[in-house]
Amino acid sequence: MIRQPRFKFRLYVAGTTQNSTRASANLTAFCTAHLPHRHEIEIVDVLQQPKRAMADSVFMTPTLIKLAPTPDRRMIGTLSHTQLLLETLGLET
Amino acid sequence: VPGESVRHEFANNDESCPSAFHGASFMKTITRRPPNANKASTGIEGFDEITNGGLPHGRTTLLVGQPGSGKTIFGLRFLVFGAQVCREPGIFVAFEEASKRIVANAEGFGWKLPELLIKKLYIVDAQPQPDLVQTGDFDLSGLLTALEAKAKEMGARRIVFDAIDIMLALLPDATAKRREMYRLHAWLLEREMTAIITAKAGGDEASSLTEHPFTGVTLADIYTAGGDVLMGTLRWEKESAERVANEVAEVAGKLKRVTLKAEEAVLRVKAKSMDTELLAKQVEKTLRDRTTQSRKGELSRGRIRMRELRGADKRNPKQKPENL
């Protein structure tokens with residue numbers, strides 16, 4: 001059996017604004033459907049940790065950073081297009 | 001100070017040419033007026049003059065122009081002057097150019113950015129990555145929260161958003177673009193920051209911007225049509241910066257020539273001393289050769305003498321009795 005890579009995400013949100021809430025819901029749903037038991041999500045609220053956002057050059061919220069597997073990839077927006085997510089993460093079969 | 005000389009010229013005209021009297025007195029009232037508290041001076045003489053002291057204080061000014069017309073430099077000049085002269089630290093949000101390039105460009109103008117960058121000027125690299133994927137709507141809350149923290153930390157009073165069209169182009173629709181401009185503008189007003197937002201002329205982004213009712217002025221018209229005063233000033237600054245750069249290059253060239261000449265002289269001296277050394281070695285060698293030869297000669301002479309003496313000794317025992 002080939003061991004599939006584990007996905008590590010960091011999602012920058014801005015409190016409970018509509019876009020941010022949508023993005024985290026969409027990401028959770030996507031991971032449950034396409035990456036079951038092989039994903040990790042860290043959610044960072046820029047309102048709580050503005051310096052971290054600056055250090056990571058995150059200026060638009062929501063911003064999703066795929067940290068693993070390498071290379072890093074960035075996506076902005078509510079993550080509403082499942083097909084685009086699959087393509088960007090290289091999960092299309 | 002260029003302003004002084006302008007005033008002086010008008011005063012001269014006043015005496016020699018009575019018909020220019022009205023214009024002259026008008027100029028005098030402008031130049032004699034104390035710094036306007038409602039205005040944030042840009043440090044660009046011509047611009048401050050035609051705007052009666054600079055940009056509206058605590059308000060947002062939109063600057064629209066063609067690529068290469070000097071929008072970035074105008075914004076940067078506004079921040080550098082604020083930091084150096086008006087005790088108003090500033091933040092530059094760069095959506096298009098990398099901060100490294102901005103700093104390098106500023107050095108061409110003779111503005112010492114690295115000194116200011118420590119406390120009074122902060123450049124945010126906000127260029128979207130080329131491979132950035134956009135899926136759905138987003139907003140600027142992240143940027144504004146990060147800027148809020150930074151502005152508080154350094155006490156920033158001025159801010160420039162350079163090439164906002166780059167960021168606006170990523171937003172999915174006109175509604176989102178309008179909403180984010182509104183968010184940005186409201187944020188700026190609430191903090192009473194004197195701001196400049198620049199954008200490229202033409203395209204959807206610029207038109208969505210010019211629709212927005214900014215509290216400051218929109219410089220698109222003055223900038224693109226009949227904006228000779230403003231453009232003249234900026235052009236003059238650009239040209240003088242180029243002139244300075246050329247002069248610096250020339251001096252550097254001269255200095256290099258001098259250094260090369262000195263190096264050449266040193267090498268020449270070295271070559272000469274090496275020649276002398278070579279000569280000395282040659283002399284030494286011949287001397288040594290000669291010494292060896294003369295020693296050899298001496299030795300052989302000595303040997304011959306010894307042989308002679310020995311020969312004499314050998315013969316001596318026989319001859320001795322005879323001699324005795």
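**Two chains in a predicted model**

In chain A, 66% of the contacts between residues at least 6 apart in sequence join residues at least 24 apart.

Chain A is built from three helices and four strands. Read from the N terminus, these elements follow the order β-α-β-α-β-β-α. The chain has 93 residues, and 45% of them are buried. Its accessible surface amounts to about 5000 Å², with carbon and sulfur atoms contributing 52% of that area. One residue that illustrates burial is A:Cys31: its relative accessible area is 0%, and A:Cys31 is therefore buried, since the term applies to values under 20%.

Chain B contains 12 helices and eight strands. Of its 324 residues, 38% are buried. The accessible surface of chain B comes to about 19600 Å², and 56% of it belongs to carbon and sulfur atoms. Among contacts in chain B that link residues at least 6 apart in sequence, 77% connect residues at least 24 apart.

A closer look at chain B may begin with B:Glu97. This residue sits in the loop that runs between β4 (90-94) and α5 (99-108) of chain B. Although B:Glu97 belongs to a loop, B:Glu97 counts as buried because its relative accessibility is 12%. The side chain of B:Glu97 forms a polar contact with the side chain of B:Arg101, at 3.1 Å. Leaving aside residues up to four places away in sequence, B:Glu97 touches B:Thr72, B:Ile102, B:Asn105, B:Asp125 and B:Gln127.

B:Leu287 has a relative accessibility of 49% and so counts as partly exposed; a residue would have to be over 50% to be called exposed.

The cysteines complete the account. Across all chains, the structure holds zero disulfides. In chain B, B:Cys86 has a relative accessible area of 28% and is therefore partly exposed, whereas A:Cys31 in chain A is buried at 0%.

Note on methods:
Residues numbered from 1 in each chain as written. Chains lettered and ligands numbered in written order. Predicted model: local features only at pLDDT ≥ 70, side-chain atom pairs only at ≥ 80, totals over all residues. Heavy atoms only, no water. Helix = DSSP H or I, 4+ residues; strand = E, 2+ residues; numbered from the N terminus. Buried < 20%, exposed > 50% of the residue type's maximum accessible area, 1.4 Å probe, protein only. Contact = heavy atoms within 4.5 Å. Areas by Shrake-Rupley, 256 points an atom, 1.4 Å probe, with all protein chains shown as cover. Polar contact = N/O pair within 3.5 Å; in protein donor to acceptor, adjacent residues only side chain to side chain. Disulfide = S-S within 2.5 Å.
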